Amino acid sequence: MPRPHSTVPSSPASPGPGHDSTGPVRPGPGAGAHAALTPVAVELRDGFWAVRRQVNARTSVPQGPDLLESAGNLHNLRLAAGAAEGEFQGAYPFVDSDVYKWLEAAAWQLGQGEDEALAADVDRIVALVAAAQQDDGYLNTWFQLRKGGERYKELRWSHELYCAGHLIQAAVAHHRTTGRAELLDVARKFADHVDSVFGPPESGKPIDGIDGHPEIETALVELYRETGERRYLELAGYFVDRFGHGLLGGEAYCQDRVPLREATDVEGHAVRQLYLLAAATDLATETGDEELRAAAERLWTAMTAAKTHLTGGLGAHHDEEDFGDPYELPNERAYCETCAAIASIQWSWRLALLTGSARYSDLIERTLFNGFLAGVSLDGERWLYVNPLQVRDGHTDPGGDQSARRTRWFRCACCPPNVMRLMASLEHYLASADADGLQIHQYATGRYSGDLGGTPVVVGAETDYPWQGTIALTVEESPADRPWTLSLRIPQWCRDFRVRVGGTEYDRTDAPVTDGWLRLERTWAPGDQVVLDLGMEPRLTAADPRVDAVRGCVAIERGPLVYCLEQVDHPGGGLDDMVIDTTGPLAVKHRPDLLGGVTTVVAAGHRRHLPETGWWPYRSAEDTEEPAPGAPLELTAVPYYAWANRRDGSMRVWLPTS
């Protein structure tokens, strides 16, 4: 018999509906007994992430309706609503989800301030979604239009519950930022329908089943948090615990080979795995389920130890978009889907809140600046579905979704609106609070606000991070009669740092750093200042020797950024014959004229004089003669997130040393 799903706490769930500015993850009141931290919002005012979010707000999100129109997504909803004639458009049964992800992005954007044009687009599309919904709550245009209304007969591939999950998340975002319930009513009606159909065998419900693509599970937890309806949490627990019991044929691809509670390693389709684990972490947060918590922590550790690329990217195989074997981390064939990077951030944030450990936010930072941000062009109009770590000289691009060239849109367009929604809600992934104080997980110019027993705590930050490592913090509001702790994350990559608190300065040898946190406790007063200086010297990084693909290579990093070489910066040849001189210095140059303003790293290197291959590219192992080095060459490395924004050409992150 399958293990029963997680029990629901007897304590009250979250408050009922009402306008709320909290973000995508809002643990309920009862979760405080299980989770270490509570998320708080950050007002981003300037600097790196403020600029990227402006591009998202001014370009990426506003173009969404036109792109969804041209791809046929909105046409399908009109057909389902009886407001148009024609044929279903799109190649996949999950095209509705692109609409819902865009709606979620737009909702978080509306939470930033008034935007009449965007609000009008949201109202129009919400009304269209509501009109397309069937009387009993079901909504999926593929099955309504292409399958004659057939439901839940192809759960391995149908994505019916996956689409429902994205609808629910959009509805929660819309309700939290606007206070309006039109979309929430649609989502609740669909969730109630799903709850009436799906359940364990003993429930008497008609279907004991799960969707081939986890997603609805974490959405149901958030719907519970938003409405206080316990049935949604119970349904999420049922779905999570039914994976791994052969309902989908027992395949690892769709997380059905082994129950999550028993799993020892991440496997199968990367996004499916990570969405399921995010839901398990949400359930552990709400219910105190220690077995689920242990499984989530165990699997995160296995993933980061042997299946994560330097950029934070995940997914070794183009085939089935899945994790490979431990240490199977290829370069040019790396999949590293943009959606997997987003799912990793979402899951790691939930673990950071549940456990209080800084290591989860270390991975969030690495993934945000590298594996995630590379997925969108600097102008916000073009995208990468896959994010390789190398493009070889003479690369013949296959085009389509798996292209190594930025693309305006995709047949499977899951990544662009996914980027939009994370970027629009980014301020909710940067800081947290607990009963003792405020924790700053990610550094940006803005205001970090928390609450201590009803008394506001506000800290302002000024920084040019990630180009510079100085973060100047000023206490703006603080209780006058009690001490509290300001906790600053010291990144895993940071070799050295200094911090000045008032007139006292500390370094790594004498600063109170525990579990990645620099904890500063005192009775703070408005005007008190803290200056944190993180060492930003460029560094060379080598991989575990079990990573065959990069043995004998190094990568360039500086601060949280991974760097790469692009052919456009190295005229006179490609990159395949390039060698870095690891004995030479690494110099830093800020280039305000390049790629929107970046800091480059300059290294010494040369090209190898490689012999003509002839008809056979192999030689005797006894022939130890190495290719002669060419003239010294200056290598210019740019941040990986900014690659593929100029001319097409080769690129590489890992550089041979001989």
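Q: Why is arginine 508 called partly exposed?
A: Its relative accessible area is 35%. Buried means under 20%, exposed means over 50%, and partly exposed is in between (1.4 Å probe, protein chains only). The value of 35% falls in between, so arginine 508 is partly exposed.

Q: What kind of model is this, and which cut-offs apply?
A: This is a predicted model: local features need pLDDT of at least 70, side-chain atom pairs count only at pLDDT 80 or more, and totals for chains, interfaces and linings use all residues. Residues are numbered from 1 along each chain as its sequence is written, and side-chain values use heavy atoms, with hydrogens and water left out.

Q: Where is arginine 508 found, and which residues does it touch?
A: Arginine 508 is in the loop between strand E11 (504–507) and strand E12 (513–514). Strands (E, at least two residues) and helices (H or I, at least four) are DSSP runs, numbered from the N terminus. Beyond four places in sequence, arginine 508 touches Ile490, Cys494, Arg495, Asp496 and Phe497. A contact means heavy atoms within 4.5 Å. Arginine 495 is 13 residues away in sequence and 8.7 Å away in space, C-alpha to C-alpha.

Q: Why does serine 487 count as buried?
A: Serine 487 has a relative accessible area of 1%. That is under the cut-off, so the residue is buried. Its place is in strand E9 (residues 484–489).

Q: What makes the link between serine 487 and arginine 519 a polar contact?
A: The side chains are joined at 3.4 Å. A polar contact is a pair of N or O atoms within 3.5 Å; within protein, one must be able to donate a hydrogen and the other to accept it, and residues adjacent in sequence count only if both atoms are side-chain atoms. The 3.4 Å pair is within the limit, so it qualifies. Arg519 is also one of the residues that serine 487 touches, with Leu438 and Trp517 among the others.

Q: How do you know that threonine 218 is buried, and which side chain does it join?
A: Threonine 218 has a relative accessible area of 4%, so it is buried. A polar contact of 2.4 Å joins its side chain to that of aspartate 282. Threonine 218 sits in helix H10. Outside four places in sequence, it touches Gln169, Ala278, Ala279, Asp282 and Arg350.

Q: What makes proline 214 buried?
A: Its relative accessible area is 0%, so proline 214 is buried. It lies in the loop between helix H9 (182–197) and helix H10 (216–227). Tyrosine 275 is 61 residues away in sequence, yet 5.9 Å away in space, C-alpha to C-alpha. The contacts of proline 214 include Tyr162, Phe243 and Tyr275.

Q: What makes a space a cavity, and how many are there of 30 Å³ or more?
A: On a 1 Å grid over the protein atoms alone, a cavity is a set of points where a 1.4 Å probe fits but cannot get out. A pocket is an open set with protein on both sides within 12 Å along at least five of seven lines. Lining residues have an atom within 4 Å of a point. The count is 9 cavities of 30 Å³ or more.

Q: How large is the largest pocket, and which residues are closest to its centre?
A: The largest pocket holds about 660 Å³ of space. Of its 27 lining residues, Thr304, His309, Leu310, Arg366 and Gln492 are closest to the centre. Helix H13 (290–306), helix H15 (359–372) and strand E15 (539–541) each supply at least two lining residues.

Q: Why does the phi of glutamate 321 stand out?
A: Most residues other than glycine have a negative phi. Glutamate 321 is not a glycine, and its phi is positive, about 50°. Glutamate 321 lies in the loop between H13 and H14. Its relative accessibility is 17%, so it counts as buried. Alanine 644 also has a positive phi, near 65°. At 13% relative accessibility, alanine 644 counts as buried.

Q: Which omega goes with the cis bond from tyrosine 465 to proline 466?
A: Omega is near 10° for this cis peptide bond. Most peptide bonds are trans. Proline 466 lies in the loop between strand E7 (455–463) and strand E8 (470–477).

Note on methods
Grid points are joined across faces, edges and corners, and a volume is the space filled by probe spheres set on the points.
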